[in-house]
Amino acid sequence: MATPPTDTSLSPLKTVAVVGLGTMGTGIAEVLAKAGRTVVGIDVSEAAAARCVAALESSTARAVERGRLTESERAEALARVRTSTSLADAADADLVIEVAPESYELKQQIFRELDGIVRPETILATGTNALSVTRLAADSARPERVLGMHFFNPAPAMKLVEIVSSVLTAPQAVTAVTDLAVELGKEPVSVGDRPGFVADGLLFGYLNQAAAMYEAKYASREDIDAAMRLGCGLPMGPLALLDLIGIDTARTVLEAMYEASRDRLHAPAPILRQLSEAGLTGRKAGRGFYTYEAPGSGTVVPDALTPRDGGSLGAGRPVRSVGVAGSGTMACGIAEVFAKAGFEVVLAARSPEKAEAAKGRVGRSLSRSVDKGRLTAEAAAQALDRITATGSYDDFADVDLVVEAVAEDLAVKQHLFGVLDKVCKPGAVLATTTSSLSVVACARATTRPQDVIGMHFFNPAPAMKLVEVVRTVLTADDVHATVREVCAKIKKHPVDCGDRAGFIVNALLFPYLNNAVKMVQEHYASLDDIDAAMKLGGGYPMGPFELLDVVGLDVSLAIEKVLHQEFRDPGLAPAPLLEHLVAAGCLGRKTGRGFREYARR
């Protein structure tokens with residue numbers, strides 16, 4: 001690790017007071033001390049100050065063990081930190097960062113006291129992620145020196161810092177704090193003053209919708225969290241993340257967001273109030289959506305809601321052969337998945353030529369797996385031999401399971417299910433891979449709706465582990481059990497959900513993407529800043545605009561329209577900017593232009 005900067009660095013902010021020595025305050029103090037700043041840690045509680053010192057000693061010791069600090073660097077960093085229980089000790093600070101609990105009264109009291117203590121040129125920064133920086137600044141005697149400096153937890157690890165200006169903030173103060181953030185090794189993003197700012201403004205709406213989904217008993221907590229981790233590549237599921245953040249904290253942020261936006265998507269789900277008032281605030285209390293080994297522990301332990309191994313499902317129907325309908329990317333991927341798992345596969349398209357071309361794409365995909373050492377040449381050849389390409393759905397006559405992956409058009413799918421009803425044997429399971437359409441509408445196109453179920457794979461099917469298993473009110477129990485058993489055989493993770501628009505993943509993902517578009521549309525933040533905020537502050541593998549351009553703006557708009565039509569919530573109405581781009585033919589990477597421009601291939 002490079003030697004931390006010393007006091008010869010460019011920033012004039014040499015001495016920094018951190019007010020509030022909880023987890024976040026302690027983390028900020030560590031970042032500052034490692035970067036050569038003199039730190040005054042202040043908390044009304046002597047116990048909190050002592051815990052801060054102990055945590056810094058422990059954290060820096062681990063850094064030495066891992067080779068990230070030398071012993072001398074550790075000693076120097078620790079020597080730069082002193083703690084106090086009096087705000088008067090902030091008198092010599094160039095910058096004060098308060099990270100007290102989210103309360104206007106408390107923060108305003110701190111700022112009023114600091115007005116009488118610090119020098120006129122001292123900058124006062126609030127670490128709030130929920131309260132109005134403008135309101136806090138207006139109550140200060142020096143509103144032009146007040147701004148927001150929102151670190152993310154854990155502060156030593158997370159790169160993002162949101163620099164929040166009010167209409168009163170002097171540009172020089174913003175520049176000084178932004179420069180400091182860069183010298184701390186952070187990625188500063190400048191944003192305006194609104195609750196949640198960029199990262200939390202997008203994150204907490206999504207978390208709230210996940211809590212409401214769980215409260216409605218649409219899916220289990222385990223399935224909601226697994227769906228978002230496996231379907232979107234997120235580091236944590238939303239309910240586990242709420243437990244980490246603190247359910248009471250999340251409720252406070254959402255209340256502030258709702259007060260500003262009046263958007264129902266920000267109105268805290270009632271379960272957040274119920275858990276908060278019961279003291280079940282997440283990891284810090286030992287129980288929230290999950291139960292933990294002890295207060296403060298991250299180890300989940302079984303409780304009354306934990307699914308039993310094997311569950312209560314009965315036996316499914318035997319499946320030896322599988323029909324895959326379609327010739328596109330998803331159909332080819334699904335055929336590959338089943339063939340590699342040892343199933344005989346009939347791959348049917350609208351013509352023999354399309355079917356053979358699809359089998360050829362599967363062959364090329366298998367060859368790439370061989371080249372990368374993921375599959376032996378023999379196993380790839382055997383898998384390809386298990387696939388029979390055909391131009392007629394009549395060849396599904398003897399299969400045990402059919403998975404359709406044709407165009408995402410209800411009329412097209414209903415026509416296909418009518419055909420499957422005629423050609424498939426009694427007892428065959430008929431599955432649709434739809435990501436947004438009604439499964440029961442497909443089922444009603446047959447005379448055997450009890451045999452129809454949703455089996456939503458994610459793209460690319462060979463790589464993505466998630467399958468959303470969508471039961472309708474007519475789906476038979478043994479059909480549900482069959483698909484769960486098949487998922488285990490093809491090494492996929494099934495999550496159960498009901499037949500409503502978006503299922504789990506899209507119902508949570510696309511409102512988040514839509515809200516990101518609204519932020520740009522309202523000129524609140526740039527594409528690059530929003531993408532950076534979600535990658536650096538939320539741990540997302542892609543920013544929302546990167547993802548929208550990959551998915552396709554036309555596909556995204558169609559899903560948004562389905563969600564809005566299903567739930568009739570004004571907050572789900574597609575952002576006009578998204579509609580305008582689609583109307584202009586700017587559909588993302590596939591057309592060379594979406595939210596960004598791409599080189600033509």
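Biologist: Which residue forms a salt bridge with Arg448?
Modeller: Side chains of opposite charge can pair when their charged atoms come close. The rule used here asks for a side-chain nitrogen of Lys or Arg within 4 Å of a carboxyl oxygen of Asp or Glu. The partner of Arg448 is Asp421, with 3.1 Å between the closest N and O atoms. Asp421 belongs to helix α15 (residues 410-423) and Arg448 to the loop between α16 (439-443) and β16, so the pair ties together parts that are 27 residues apart in sequence.

Biologist: What kind of file are we reading, and how do the numbers and helix labels work?
Modeller: This is a predicted model, in which local features need pLDDT of at least 70 and side-chain atom pairs count only at pLDDT 80 or more, while totals for chains, interfaces and linings use all residues. Residues are numbered from 1 along each chain as its sequence is written, and side-chain values use heavy atoms, leaving out hydrogens and water. Helices (H or I, at least four residues) and strands (E, at least two) are DSSP runs, numbered from the N terminus.

Biologist: Is Arg448 buried or exposed?
Modeller: Buried means under 20% relative accessible area, exposed over 50%, and partly exposed in between (1.4 Å probe, protein chains only). Arg448 has a relative accessible area of 9%, so it is buried. Asp421 also counts as buried, at 15%.

Biologist: Which residue meets Asp531 in a salt bridge?
Modeller: The partner of Asp531 is Arg596, at 2.8 Å from N to O. This pair links distant parts of the chain, 65 residues apart: Asp531 sits in helix α19 (residues 527-538) and Arg596 in the segment after α22 (576-583). Asp531 is buried, with a relative accessible area of 3%, whereas Arg596 is partly exposed at 21%.

Biologist: Which residues do salt bridges that share partners join into one network?
Modeller: Asp94, Arg119 and Glu121 are joined in this way.

Biologist: How many salt bridges does the rule count?
Modeller: The count comes to 29. One of them pairs Asp248 with Lys284, the closest N and O atoms being 2.8 Å apart. Asp248 is in helix α10 (residues 247-261) and Lys284 in the loop between α11 (270-277) and β9 (291-292), so parts that are 36 residues apart in sequence are tied together. Both residues are partly exposed: Asp248 has a relative accessible area of 28% and Lys284 one of 45%.

Biologist: Now to strands. Why is strand β16 largely enclosed by the rest of the structure?
Modeller: In a regular strand the side chains alternate between the two faces of the sheet. In strand β16 (residues 452-457), 6 of the 6 residues are buried, so the rest of the structure largely encloses this strand. Val452, Gly454 and His456 are buried on one side, and Ile453, Met455 and Phe457 are buried on the other.

Biologist: Which strands do bridges join to β16?
Modeller: Two strands pair if DSSP finds at least two bridges between them. Strand β15 (residues 429-432) runs parallel to β16 and is joined to it by 3 bridges. Within that pairing, Thr432 has Gly454 of β16 as its bridge partner. Strand β17 (residues 466-471) runs antiparallel to β16, with 4 bridges between the two. There, the bridge partner of His456 is Glu468 in β17.

Biologist: What kind of peptide bond joins Asn459 and Pro460?
Modeller: It is a cis peptide bond, with omega about 0°. Pro460 lies in the loop between β16 and β17. Asn153 and Pro154 are joined by a cis peptide bond too, again with omega about 0°. The place of Pro154 is in the loop between β6 (146-151) and β7 (160-165).

Biologist: What is phi of Lys217?
Modeller: Phi of Lys217 is near 60°, a positive value in a residue other than glycine. Lys217 lies in the loop between α7 (199-215) and α8, and it is exposed, with a relative accessible area of 74%. His523 also has a positive phi, of about 60°, although it is not a glycine. The place of His523 is in the loop between α18 (505-521) and α19, and at 73% relative accessibility it counts as exposed.
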